[in-house]
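Please read it alongside the sequence and the structure shown here.

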Amino acid sequence: MTSASAPPGRSPLRLLNHISTNNIKGDLFGGVTAAVIALPMALAFGVASGAGAAAGLWGAVLVGLFAALFGGTPTLISEPTGPMTVVMTAVIANLTASDPENGMAMAFTVVMLAGLFQIAFGLLKLGRYVTQMPYTVISGFMSGIGFILIILQLGPFLGQAIPKGGVMGTLQALPQLIANARPAEVVLALITLAILWLTPGKVKKIAPPQLIALVLGTILSLSLLQGGGEEIRRIGEIASGFPQLRTPYVDLPHLSKMLIDAAVLGMLGCIDALLTAVVADSITRTEHNSNKELIGQGLGNIASGLFGGIAGAGATMGTVVNIQAGGRSALSGISRAVILMVVILAFTGVAAQIPQAVLAGIALKVGVDIVDWGFIKRAHRISISGALIMYLVIILTVLVDLIAAVGIGVFIANILTIDKMSELQSKSVKSVSTGDGDLNISDDERRLLDQGRGQVLLFQLNGAMIFGVAKAIGREHNAIGECKAVVFDLTEVSHLGVTAALAVENAVEEAIEKGREVFVVGASGTTLRRLEKLGLFKKLPAERTTIARHAALQQAVAALA
């Protein structure tokens with residue numbers, strides 16, 4: 001497997017992503033195709049977030065450009081995504097509600113802070129850990145975000161603004177939204193969904209359904225559906241020219257909230273980007289640089305926030321389209337950003353006529369696609385506990401809080417995993433006093449145990465002794481009846497956790513207090529060092545801790561004579 005960040009025959013570039021001139025035609029075509037896909041999506045996400053179409057467009061340009069230049073996945077296309085837009089929507093709504101004058105400035109500052117968090121994650125080399133969450137949690141989280149995006153688009157889909165109060169506000173206002181629905185805009189939204197779902201595969205190869213829906217919906221709104229009484233809601237005028245630099249704005253009373261929002265946005269962006277990078281790897285048979293990718297994503301979001309763009313991350317749709325169109329190096333992502341910028345600067349007047357209902361249809365379809373329908377349908381067949389975790393995360397994500405959803409989901413999933421591992425490892429804690437026991441010992445050692453006539457006990461531990469095994473160690477030791485010698489065998493222990501080590505120490509001390517002959521054998525490596533630091537070996541003569549298991553059994557049997 002070749003490395004995407006350092007292709008064979010070329011020295012790795014520490015600063016820039018892999019930019020090659022060996023595939024200019026493929027990279028340029030991939031960039032053009034990805035730009036065509038990005039345009040309607042950026043408009044839809046910009047409007048959906050509450051920051052406006054321009055914020056979505058410039059977010060697509062700036063996040064995409066800087067992530068392509070400095071990231072670690074050559075074919076990755078970065079832009080505003082559905083999950084990032086959901087969080088961005090909540091950030092903007094909360095900050096503008098608490099401070100109407102400076103709320104938007106603080107929201108863009110949150111985007112910059114999110115970028116700083118991502119750079120920190122990359123510098124700390126946390127890239128490989130970001131996506132190491134249980135799939136049930138990731139699936140539930142992403143599905144919850146998909147449902148949020150669907151719910152938030154119901155207002156614009158019905159020809160009205162998004163009600164205040166986010167998801168709960170929209171659900172509570174749903175009867176009113178339906179009663180006041182604007183027929184012309186509902187028709188436009190339905191036509192958009194029909195195009196997105198029903199466009200034949202052959203047509204998709206020529207033009208993306210999103211662009212077809214955008215163009216056709218705009219034409220219909222200006223012709224057949226115009227003049228129906230109520231004016232169709234459109235994007236409106238988009239400022240021409242390059243965006244203005246926005247100075248970071250921090251309000252101390254809101255600082256803690258801004259930092260939490262930035263951490264959530266940054267972490268979600270990391271997950272979104274790295275999951276997409278894995279998809280790109282599987283298609284191109286390459287391997288991305290996770291930590292470098294996070295730094296590139298962070299720089300992109302900082303740049304986006306500085307110029308009034310919304311946050312973005314790796315986009316699966318754009319990435320796959322880019323690769324299928326021939327993109328193989330970061331030149332495709334760079335060309336996509338430049339092409340998109342030229343389109344924005346030259347055609348903002350045309351974009352102003354796009355109906356908001358069409359964008360709502362596009363965003364709602366993205367929400368439907370984000371929901372992990374395949375896993376939702378079969379999760380209960382695979383694991384009841386896993387399915388319940390996924391459903392809980394979905395509910396918490398939609399109705400409570402994103403952080404609470406992930407935190408509680410990961411906590412419960414880890415607890416269940418630890419419990420299962422502890423149960424399995426507990427079977428590796430055994431104590432026998434006869435040669436007929438189920439232990440990994442030689443025939444000679446079995447004969448020695450038989451000679452002990454039940455007065456010599458072999459207490460054997462195997463594998464990784466994590467903290468959940470401490471209870472099993474205590475349980476096995478408490479079950480010990482009357483015996484005169486105990487051999488604690490740690491030969492096959494690969495890892496001895498602190499809690500398990502303390503449990504062993506407690507068992508040894510109790511055996512000593514009862515006047516039994518005690519041997520601790522087989523400890524090596526980190527297990528030996530941990531027991532030495534606990535001071536366990538100081539409680540026993542050296543000849544009972546430095547000998548092998550066979551010799552310990554011989555001494556224990558001899559002491560009975």
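Predicted model: local features only at pLDDT ≥ 70, side-chain atom pairs only at ≥ 80, totals over all residues.

R336 counts as buried because its relative accessibility is 1%, and its salt-bridge partner E79 is likewise classed as buried, at 6% relative accessibility. The closest N and O atoms of this pair are 2.9 Å apart.

**Salt bridges**

- The count of salt bridges comes to 12.
- K365 pairs with D369, with 2.8 Å between the closest N and O atoms.
- Both K365 and D369 belong to helix α16, where a spacing of four residues corresponds to about one turn of the helix.
- K365 is buried, at a relative accessible area of 13%, whereas D369 is partly exposed, at 46%.
- K514 forms a salt bridge with E510, and their closest N and O atoms are 3.6 Å apart.
- K514 counts as exposed at 52% relative accessibility, while E510 counts as partly exposed at 22%.
- A network of salt bridges links R182, E185 and R233.

**Largest pocket**

- The volume of the largest pocket is about 1,000 Å³.
- Its lining consists of 42 residues, and those nearest the centre of the pocket are T89, A90, A93, N94 and G166.
- Elements that each give two or more residues to this lining include α1 (24-49), α3 (82-98), α6 (135-152), α8 and α12, and also α16 (356-370), α18 and α19 (402-426).
- Helix α3 supplies the largest share of the lining, 10 residues.

**Nonpolar surface patch**

- A nonpolar patch on the surface is formed by M168, L171, I395, L399 and V400, which together have about 440 Å² of accessible area.
- The elements giving two or more residues to this patch are α8 (166-179) and α18 (384-399).
- L399 is located in helix α18 and counts as partly exposed because its relative accessibility is 45%.

**Loop residues with positive phi**

- Most residues other than glycine have a negative phi.
- R285, which is not glycine, has a positive phi near 60°.
- R285 sits in the loop between α12 and β3 (286-287) and is exposed, with a relative accessible area of 60%.
- R453 is also not a glycine, and its phi is positive at about 50°.
- The loop between α20 (443-451) and β6 (456-465) holds R453, which counts as exposed at 65% relative accessibility.

- M258 lies in helix α12 (residues 255-284) and is buried, with a relative accessible area of 0%.
- Not counting residues up to four places away in sequence, M258 touches L95, M106, T109, V110, L113, Y249, V250 and D251.
- M258 and V338 are 80 residues apart in sequence, and their C-alpha atoms are 31 Å apart in space.
- H495 belongs to strand β7 (residues 485-496) and counts as partly exposed at 36% relative accessibility.
- Leaving aside neighbours within four places in sequence, H495 is in contact with G463, A464, M465, T527 and R530.
- H495 and G525 are 30 residues apart along the chain, with a C-alpha separation of 9.1 Å.

Definitions and conventions. Residues numbered from 1 in each chain as written. Heavy atoms only, no water. Patch = residues over 30% accessible without salt bridge, like charges linked within 9 Å, V, L, I, M, F, W, Y side chains within 5 Å. Areas by Shrake-Rupley, 256 points an atom, 1.4 Å probe, with all protein chains shown as cover. Salt bridge = Lys/Arg side-chain N within 4 Å of Asp/Glu carboxyl O. Buried < 20%, exposed > 50% of the residue type's maximum accessible area, 1.4 Å probe, protein only. Contact = heavy atoms within 4.5 Å. 1 Å grid on protein atoms, 1.4 Å probe; cavity = no way out; pocket = protein on both sides within 12 Å on 5 of 7 lines; lining within 4 Å. Points joined across faces, edges and corners; volume = space filled by probe spheres on them.
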